[in-house]
Amino acid sequence: MNSTTTALVLVGYQNDFFAPEGGFRDLVEDAASLDVALDRTLVLLGALPAAAPLVLSTPLTFSDGYAELVEPVGVLAAIRDRGLLRAGAGGVETIDAFAPFADRMTEIRGRRGLDVFANDRLDECLRLAGIRDVVLAGAITSLFVDGAARSAVDLGYRVSILADCTAPRTSFEHTFFCEEIFPIYADVIDAATFVERMQSGGTDR
């Protein structure tokens with residue numbers, strides 16, 4: 001993992017997930033896990049070198065009528081029924097806690113649906129920057145993060161997932177995905193390991 005060819009892709013750091021009044025908070029087993037993931041992500045951002053890696057924020061957005069969700073069930077039905085992550089609503093906006101890092105962060109908007117890579121702009125941005133390694137953090141471990149990771153692998157990127165900066169729906173799901181699912185196609189590391197690699201410049205593998 002080389003610092004100059006690595007991108008940190010932040011998935012779903014929005015008010016509906018991470019704000020104190022976020023509409024998603026009672027849809028997770030332990031709302032405090034969202035706070036923990038956010039706090040660790042902020043520490044991570046503060047510890048990364050200023051020049052590298054590339055940092056991209058990728059907010060999740062659904063169209064006003066949720067056309068992307070056809071007969072949704074479970075969490076996806078709750079998102080639609082509660083009006084969460086809806087284009088134009090306050091809950092879809094990036095959290096204020098990211099403001100101190102705005103000068104080193106690029107936000108990729110304009111996409112609709114579950115997968116951050118559904119927006120070709122993200123893949124285009126990564127390729128123009130010569131990115132080979134995609135490192136993921138955000139919400140929700142078993143849904144949006146997993147979807148982003150699988151798409152990144154399909155597009156030919158090497159993928160790592162920051163287990164301690166990823167917010168789960170349930171603790172069981174988080175443990176299961178980090179120990180049994182993600183290792184099938186991605187590296188699972190923690191933020192401290194990632195920072196150490198970036199501070200040393202990394203070594204291409």
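In this predicted model, Cys165 is buried, its relative accessible area being 0%. The residue takes part in no disulfide, since the nearest cysteine sulfur, belonging to Cys178, lies 11 Å away, whereas a disulfide requires a pair of cysteine sulfur atoms within 2.5 Å. The structure as a whole holds zero disulfides.

Helix H7 spans residues 191-199 and has four named buried positions, Ala191, Phe194, Val195 and Met198. These residues lie on the same side of H7, because the arc they cover around the axis is only 100°. In general, an α-helix has 3.6 residues a turn, so residues three or four places apart point the same way. The face of H7 turned away from the buried side carries Ala192 and Glu196, both of which are exposed.

The packing partners of the buried H7 residues comprise both strands and a helix. The strands are E1 (6-11), E4 (133-139), E5 (158-167) and E6 (187-189), and the helix is H2 (32-47). After H7 comes Gly201, which has a positive phi near 95°.

Helix H3, formed by residues 74-82, was examined in the same terms. Its buried residues are Val75, Leu76, Ala77, Ala78 and Ile79. Packing of these buried H3 residues takes place against helix H5 (141-154). H3 is likewise followed by a glycine with positive phi, namely Gly83, for which the angle is near 70°.

Terms used. Residues are numbered from 1 along each chain as its sequence is written. This is a predicted model: local features need pLDDT of at least 70, side-chain atom pairs count only at pLDDT 80 or more; totals for chains, interfaces and linings use all residues. Side-chain values use heavy atoms; hydrogens and water are left out. Buried means under 20% relative accessible area, exposed over 50%, partly exposed in between (1.4 Å probe, protein chains only). Helices (H or I, at least four residues) and strands (E, at least two) are DSSP runs, numbered from the N terminus. The arc is that of the directions from the helix axis to the C-beta atoms. Contact means heavy atoms within 4.5 Å.
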